[in-house]
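User: Please examine the structure shown below and answer some questions on its pocket and helix packing.

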Amino acid sequence: MMYEAYGAQANVLDFCRPLASATVAALRQPWPMFGEMLSTRKFAGMLETFANLAITHERLPFDITEVADGNEIVPVTEEVVASTPFATLLRFKKETSAQQQRVLIVAPMSGHFATLLKATVKTMLQHHDVYITDWRNIRDIPIAEGEFSFDTYVDHVIDFLRVMGPRSHVVAVCQPCVAVLAAASIMAEQDDPAQPASMTLMAGPIDTRINPTKVNELAKTKPIEWFERNLLANVPKKFGGAGRKVYPGFMQLTAFVSMNPERHMQSFKDMAKAYTENDMPKFKFIKDFYAEYFAIMDLPAEFYIPTVKTVFQDHLLPLGKLEVHGRTIKPKAIRKTALLTIEGERDDICGLGQTLAAQDLCSGLRQYKKSHHVQTGVGHYGTFSGRRWNNEIYPKLRDVIEMTA
């Protein structure tokens, strides 16, 4: 019923948005006096903002067609390197003869598509051969394709690194830090030739007992049964994954927005004001951000519920009790993979120290293979996008990759 109720509401809003856009077009006509009135422009700004804040369930394009490579601009094309029912290993192939380090960016499966990391990809493409885990929306995947669990997630990371080959590098952004650390641990124990040369963990929940945030506290205040009863829904019949039990993307988006309602409301006001004042670059910047932020995907229940329990409630990884396919994860087995951990000073999703905890867990690594960076003045998204990511964080990451090449 929850999914059906959301669908009915979305249908009404989708019907209203074209009407809002049509009204804006009429208001923008050069009517004598009327079209130039401040109140008219403000009303048009509010309508246009409403028309552009639509929730979608389809992945937007990465739309990266060229990138600076040294002193020249080179074309970029997307290449499917490997594929499973749940994900594509996508390569951003540059038309260059230069040999560059292969880097796998592991995108979070947390309600958004991998395209949320578009800025991350574009920055890293300047100096690296970049691949990404392009997760598919589980609501479109038939039940016959099987379940997608935390163990399946780890399997995908290992398999994709093997496809890429030895001496590749891996970068995990937010939620997949746990899975990537688990994958690297397993590969190290097996002395897998494809174990990554370096592993960068960015703003990830390695140990959420440290400096807990609102997200962590919510996970701890309710028993796991509460999450199962109140946050899961069955995919309706009209979708490919009909019958799957999921944590709907629209619920996760609502939860994220509710944690910072004032900030989002101010952004909506800024968007309307920019349109009113004909500041189209600012209007487009905010619109583009929310177009990506509001592109949502569902999470499989068999992945979401165990992740809440093992990572946020029971803290199995830092306690040395996390298992994948019945095998205990031992980060101390990692000896060849250099480790970089990155945190944002103002991160309200993954608190300071939570990602740093990986440094102690990887006790088998010599100190010269470990490094940590705290970026001042940034929140969660600032660790992988924006000016400070480009100018201050990425150079640290690039240095680690070059030193372990």
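User: Which helices each supply at least two residues of the lining of the largest pocket, and which gives the most?

Analyst: This is a predicted model, in which local features need pLDDT of at least 70, side-chain atom pairs count only at pLDDT 80 or more, and totals for chains, interfaces and linings use all residues. Residues are numbered from 1 along each chain as its sequence is written, and side-chain values use heavy atoms, without hydrogens and water. At least two lining residues come from each of helix 3 (118-124), helix 9 (261-276), helix 10 (280-293) and helix 13 (387-403), helices being DSSP runs of H or I with at least four residues, numbered from the N terminus. The largest contribution, eleven residues, is that of helix 10.

User: How do the axes of helix 4 and helix 5 cross, and is the arrangement parallel or oblique?

Analyst: The axes, lines fitted to C-alpha atoms over the stretch in contact, have angles running from 0 to 180 degrees between N-to-C directions. Those of helix 4 (residues 150-164) and helix 5 (residues 177-189) come within 9 Å and cross at roughly 60 degrees. Angles under 35 degrees count as roughly parallel, over 145 as roughly antiparallel, 65 to 115 as roughly perpendicular and the rest as oblique. Helix 4 and helix 5 are therefore oblique.

User: Which residues of helix 5 meet helix 4?

Analyst: Contact means heavy atoms within 4.5 Å. From helix 4, Phe 150, Tyr 153, Val 154, Val 157, Ile 158, Leu 161 and Arg 162 take part. Their partners in helix 5 are Val 178, Ala 179, Val 180, Ala 182, Ala 183, Ile 186 and Met 187.
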